[in-house]
Structures are given as structure tokens and as C-alpha cells.
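User: I am new to this structure and would like to learn how to read its features. Please take me through them in turn.

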Amino acid sequence: MKPEEIRKLEAYFKRNINPKITVKARPKKDESAEVYLEDEFLGVVFRDDEDGELSYNFSMAILDIDL
């Protein structure tokens, strides 16, 4: 993802979920970025540019030991 996209996504997550969230570029991957809450990895946000419409999908796994 482009740095501008990452900044916009991070602002969205901070505003709507938690101000301590950060979004970081993934090495060798340009269609996704990693999402962290402080130092803890939360998940991956994917860029979906299909049929001329741009959207982002956030994927987060929750382990049963974390519940």
C-alpha cells in the first residue's frame, strides 16, 4: 500500500476503534498492511480494488486462549 493509504487507514482505526492502533506496511506485499495495538499484532488490512471500486478488508484471528 502507498504511504498515504496507510496514513488514512491508521487515522480511521484510531478515530473509530482505538487511538493506540498503528498500521504498518508489509515487506514485499503491496496490497496489504499490518495492524497493531501498541506492540501486539491484531491483523491484516487488505486493499480490494475490483471493478473500479476501492475498499479495504480487515482480517483478525482470535485464538481461543485469548478469550
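User: Which strands do the buried residues of α1 pack against?

Analyst: Packing is read from contacts, meaning heavy atoms within 4.5 Å. Here the buried residues of α1 pack against β1 (21–26), β2 (29–37), β3 (40–50) and β4 (53–59). This is a predicted model, in which local features need pLDDT of at least 70, side-chain atom pairs count only at pLDDT 80 or more, and totals for chains, interfaces and linings use all residues. Residues are numbered from 1 along each chain as its sequence is written, and side-chain values use heavy atoms, with hydrogens and water left out.

User: How many residues does helix α1 have?

Analyst: Helices (H or I, at least four residues) and strands (E, at least two) are DSSP runs, numbered from the N terminus. The expected span of a helix is 1.5 Å times one less than its number of residues. Helix α1 covers residues 3–16, which is 14 residues, and its first and last C-alpha are 20 Å apart, close to the expected 20 Å.

User: Which residues of α1 are buried, and which exposed residues does the opposite face carry?

Analyst: Buried means under 20% relative accessible area, exposed over 50%, and partly exposed in between (1.4 Å probe, protein chains only). In α1 the buried residues are Glu5, Ile6, Leu9 and Phe13. They lie on the same side of α1 because they cover an arc of only 95 degrees around the axis, taken from the directions from the helix axis to the C-beta atoms. The face turned away from that buried side carries the exposed residues Pro3, Lys8 and Arg15.

User: What does the side chain of glutamate 5 join in a polar contact?

Analyst: A polar contact is a pair of N or O atoms within 3.5 Å; within protein, one must be able to donate a hydrogen and the other to accept it, and residues adjacent in sequence count only if both atoms are side-chain atoms. Glutamate 5 has a relative accessible area of 12%, and its side chain is joined to that of tyrosine 56 by a polar contact of 2.7 Å. Leaving out residues up to four places away in sequence, glutamate 5 touches Arg47, Leu54 and Tyr56.

User: How many residues are in the largest nonpolar core?

Analyst: A nonpolar core is a set of buried Ala, Val, Leu, Ile, Met, Phe, Trp, Tyr and Cys residues joined through side-chain atoms within 4.5 Å. The largest one has 10 residues, among them Met1, Ile21, Ala33 and Leu42. Its largest share, 3 residues, comes from α1.
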